[in-house]
Amino acid sequence: MEEDASQSDKKLLENFSGSGKAIGVLTSGGDAQGMNAAVRAVVRMGIYAGSKVYFIHEGYQGMVDGGQHIVEAKWQDVSSILQVGGTVIGSARCKEFRTREGRKQAAYNLVTHGISNLCVIGGDGSLTGANLFREDWKGLLQELISDGKIDTGTAEKYNHLNIVGMVGSIDNDFCGTDMTIGTDSALHRIIEVVDAIMTTAQSHQRTFVLEVMGRHCGYLALVSALACGADWVFIPESPPGDGWEDQMCQKLSENRARMKRLNIIIVSEGAIDCNNKPITSNLIKDLVVKRLGFDTRVTILGHVQRGGTPSAFDRILASRMGVEAVLALLEASVTTPACVVSLFGNQAIRVPLMECVQMTQEVQKAMDEKKFDEAVKLRGRSFENNLNIYKSLSHRKPDGEQPSSNFTVAVLNVGAPAAGMNAAVRSAVRTGISQGHKMLAVTDGFDGFIKGQIKEIKWGDVGGWVGQGGSLLGTKRTLPAKDAEAIAEQIRLRNINAIMLVGGFEAYLGLLELSTARTTYDEFCIPMVMVPATVSNNVPGSDFSIGADTALNAITDTCDRIKQSASGTKRRVFIIETMGGYCGYLASMSGLSAGADVAYIFEEKFDIRELQSNVEHLTGKMKTTVQRGLVLRNENCSENYTTDFIYQLYSEEGKGVFDCRKNVLGHMQQGGSPSPFDRNFGTKIAAKAMQWISRKLKETYREGRVFANSPDSACLLGMRRRTLVYQPVAELKDETDFQHRIPKEQWWLKLRPLMKILAKYKISYDVSDAGQMEHVPRLHTQDSQQSITI
């Protein structure tokens, strides 16, 4: 540890490392992508804290069997596993552990290795078993004393078992956390298949019935339906009512009549009707063929969803949870309940394990009792929000039933293109139409606004948009101030009553300029809202921007391939330049997800001494079994320490020890199909923005016109910590570094030490922001909660 480590750090580390109690880490139940990232984080954070860490191979079976199944983990043992799916330490079901005799043998095996801190990565069954083990612990030790297997001194030293859980489950079926490890990666697999299916379905005018996992939870089906604009979705929490067969066939027929060449129906494997009878994919196929005669195919994804490389989101989530789990063990005492490390918003928190298990069981009980509305609510506000938005965007009311507001709303993209923009526009257009507004699409941002490139956009015009990258509306970086009069004229001519902007820092600046122009032009005295969309994630007022997750995955995938190429050549260091302007978000977070050795960013100043120190660190690394390095550099991190300079410095200083290669990723980070996260974040946040516009239009409509000039009528809608917040752009000016186009404070900077710790740098770690114990009911009763969960 460095000498400048905080007193709180020192106290925690001394208490823990001085106890002589080791950490055991196991994965249990079904595997999930990202489990290896969690194992890696637990091992390295544990070693960083001065503790021994043990792999427990094959889950609880290995704990019962002992012997070679419990092995001390070294730092290099978890190298090269970050990008590997499944779990490298194995997982197995274990009947013996369910018996007291089996648990007694497991306790003996742990105590003989000095383990009384256990980190369990698995589903609710695995975590429930861990809690039972903890409750039995003292009694098991007494029985081992009676059997003569351990002495009283040993029993006293290991007199209580600390349990911390991390939920690894692709189904996202565990209450108490926004996202479980593996869910985002499973969504990636599903969306890859859906995108591939859509091309062949369009060619042949086919209907595809896609069955996804989720025996008791419809999360994967619901979110993938949102992410691909599916025609119909079946989930166990919200079964269709009587007569659903007629309704579904009518909708499929109407869509085909509107010249839609394909139909997608997504079915959760646990789908049921309102009488708790199963709805299978083959049942749906037979129904469509019999009633409509459509060429219909069934695709059952099965274990494909569990496989493949973990997404950037899952790697970061699992790494954060792994570090937090070790911190929770550091602080645990005899009275601390077994807890689960959870994600809520962008924060890691701790919740009592059994509260989560109880809430999860209540969902199933509600479904068994046909209390489906209650089951949806118990899943949490985010799940309920997903369901409501899907219903509103997938089904258009007949013209006679459509409300009419007489308001006109314009939508435009501003700034650089970002994956997910089209999903946001589609969501805004359909939400606006469902609320009775006339929706106008502006082509090419403010350029198009000035030139009058504005036309009405209908419900069917945005069909199929959600999965397309870039900006179908077209987008430019032009700002409006110098052409305010021309824009005001277009607002007057088109009778525009509200504006929604989807874009990055230019959209933020543009909204500021429009709100400032209100003093000169009354036309700008209308509700205006911005949704952040930029790969750089540099918009003040929001922790996340649409497009950043897709860019992170593009960088992470490239880094994986680069690291793979290095595994054959050995002794090679790669220097990768990422986008982001002056914002280091992409470099930092992709560094965490790709296992980089260092990431240079503008926000954290560095000098030649640090560069030299990093070279020495890599030189030492080449003497181990891990003979490769990965260095990331944000494009504007330093005016003088350019990518070429760093490459030449590393090449010179590493001569004879390692050689270097460099790669500038460029605009590939802006391209490609949007990730599931960006599709759904864009869909949800744009729907919320349009709902805000509808409220503001009603509030500000007086004497036959809309007039809104208060600061809170020109807002940015952003995710702040745990909630979606509408913030007047005028108030965000104080939070903005306009010269460098970044927020003055950025939440992700607190995660940068994690990357360094996991890369074996000896730095201090501030635990003041570590997760606190919270209770599950509070997670579901906050009125303002709109989770970042996709």
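**Strand β1 and the cysteines**

Three bridges, written 3 bridges in my notes, join β1 to strand β2 (residues 53-56), and the two run parallel. Strands here are DSSP runs of E, at least two residues, and helices are runs of H or I, at least four residues, all numbered from the N terminus. Two strands pair if DSSP finds at least two bridges between them.

A word on the source. This is a predicted model, where local features need pLDDT of at least 70, side-chain atom pairs count only at pLDDT 80 or more, and totals for chains, interfaces and linings use all residues. Residues are numbered from 1 along each chain as its sequence is written, and side-chain values use heavy atoms, with hydrogens and water left out.

Back to β1. Ile 23 stands opposite Val 53 in β2. In β4, Ile 23 has Asn 117 as its bridge partner. β1 and β4 (residues 115-122) pair in the parallel sense, over 6 bridges.

Is β1 buried or exposed? Buried means under 20% relative accessible area, exposed over 50%, partly exposed in between (1.4 Å probe, protein chains only). In β1 (residues 22-27), 6 of the 6 residues are buried, so the strand is largely enclosed by the rest of the structure. Ala 22, Gly 24 and Leu 26 cover one side. Ile 23, Val 25 and Thr 27 cover the other.

Now the cysteines. How many disulfides (cysteine sulfur pairs within 2.5 Å) are there? The search of the whole structure finds 0. Cys 217 is buried, at 1% relative accessibility. Its closest cysteine sulfur, in Cys 175, is 8.3 Å away, too far for a bond. Cys 559 is buried too, at 0%.

Technical notes:
Disulfide = S-S within 2.5 Å.
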